[in-house]
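Please look through the model below with these notes beside it.

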Amino acid sequence: MMTSDKRKVVLVGTGMVGMSYAYALLNQNVCEELVLVDVDRRRAEGEAMDLNHGLAFSGSHMRIYAGGYEDCHDADIVAICAGVAQQSGETRLELLRRNAAVFRSIVEPVCESGFNGIFLVATNPVDVMTRITCQLSGFNARRVIGTGTALDTARLRYLLGRHFTVDPRNVHAYVIGEHGDSEFVPWSQAMLATRPISDFCADGYCDMGKIEQIEEEVRGAAQKIIEAKRATYYGIGMAMVRITRAILGDENSVLTVSTMLDEIGGVRGVFAGMPCIVNRNGVRRLLPLKLTDTEQQRLERSCQTLQAAYDSLQEGK
Ligand code: NAD
């Protein structure tokens, strides 16, 4: 799906998350061209200036500028981090409706530009917003990716690595389902290098109860950060860069991104976080998981929650 030799990313929404992504792209030298788009054009221009002034100190020769949707026509990735903040007294559904309107104002002009790359969505509720992007764009679902549980999975691996004093890169464990309250860890699939973590616990090396507390910690992490510093952005920005690298580098990396699922728990077409093989075409395929009955039920419940959110949005039309 690469449209040219130069790797080009258009970022829509130059707020905290968007700019953390941009800053990490610059430091990790991931693309040649980065366009910043925001409804607040001045903000995008200011951010472009600020990043450009750091170029001399980076190993990157990126071209960074504030632009418009017409710049998407030859982009490889359009990353969407735009959104409106929850107002006091506003319900989640009202917030969802307003963000859906924001996405209509973005996805339509992106598609009109002739964009033929991959959408990467971070705006919350990310699974529903990714589904909306897919619906609005009419793109093949494999080319519409949400950040899903990529960040939650990174948090899990970090905490398990710390618990076992093992490099998180040798911890293979995933958070799946909704990026939100119904997400969970299928422990039957969690490995420390070559052995299931449950085996280590059965052999007395660890306590499964303590390990499951780590799952709770992951689920509550965003809230804890928000209480301390109002928003989370560095981690998600870096998760987005990881996904961007997998796409632009045609890596076939396994990442827990939000992708469209086939029929599950009586619902069809839900987007949720699952381990997927990601390459330059987007999601090449889902990794089939051998879940236990209980895990399968949790996944079904998580997908039903997401379907209910999507349905409530449709009812309001
Ligand atoms: P922010 O308020 O700092 O930035 C939002 C930006 O979107 C602003 O610059 C605003 O001008 C822009 N915007 C609003 N409407 C627009 C429109 N119609 N067109 C173009 N731009 C528009 O918010 P933030 O802290 O950067 O968070 C952005 C989103 O990322 C939120 O939805 C947040 O919940 C989400 N988020 C997701 C994860 C994740 O794991 N997926 C993690 C953290 C935050």
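The numbered points below start with the basis of the model, then take up the helix pair and the salt bridges.

1. This is a predicted model, in which local features need pLDDT of at least 70, side-chain atom pairs count only at pLDDT 80 or more, and totals for chains, interfaces and linings use all residues. Residues are numbered from 1 along each chain as its sequence is written, and side-chain values use heavy atoms, with hydrogens and water left out.

2. Helix α1 covers residues 16-28 and helix α2 covers residues 41-54. (Helices are DSSP runs of H or I with at least four residues, numbered from the N terminus.) The two pack at an angle of about 25°, and their axes are 11 Å apart; axes are lines fitted to C-alpha atoms over the stretch in contact, and angles run from 0 to 180 degrees between N-to-C directions. The angle makes α1 roughly parallel to α2, a term for angles under 35 degrees.

3. Which residues of α1 meet α2? They are Met16, Met19, Ala22, Tyr23 and Leu26, and on the α2 side the partners are Arg43, Glu47 and Leu51. Contact here means heavy atoms within 4.5 Å. By class, the contact has 6 nonpolar, no polar and 2 charged residues. (Ala, Val, Leu, Ile, Met, Phe, Trp, Tyr, Cys and Pro count as nonpolar, Asp, Glu, Lys and Arg as charged, and the others, Gly among them, as polar.)

4. The whole structure holds 16 salt bridges, each a side-chain nitrogen of Lys or Arg within 4 Å of a carboxyl oxygen of Asp or Glu. Lys6, Lys8, Glu33, Arg63 and Asp74 are joined in a network of such bridges.

5. Arg195 pairs with Asp203 in a salt bridge, where the closest N and O atoms are 2.8 Å apart. Arg195 is partly exposed, at a relative accessible area of 28%, and Asp203 is partly exposed at 47%. (Buried means under 20% relative accessible area, exposed over 50%, and partly exposed in between, with a 1.4 Å probe and protein chains only.)

6. In the salt bridge of Arg298 with Glu215, the closest N and O atoms are 3.6 Å apart. This pair links distant parts of the chain, 83 residues apart: Arg298 sits in helix α9 (residues 293-315) and Glu215 in helix α7 (residues 208-229).

Methods. Parallel < 35°, antiparallel > 145°, perpendicular 65-115°, else oblique.
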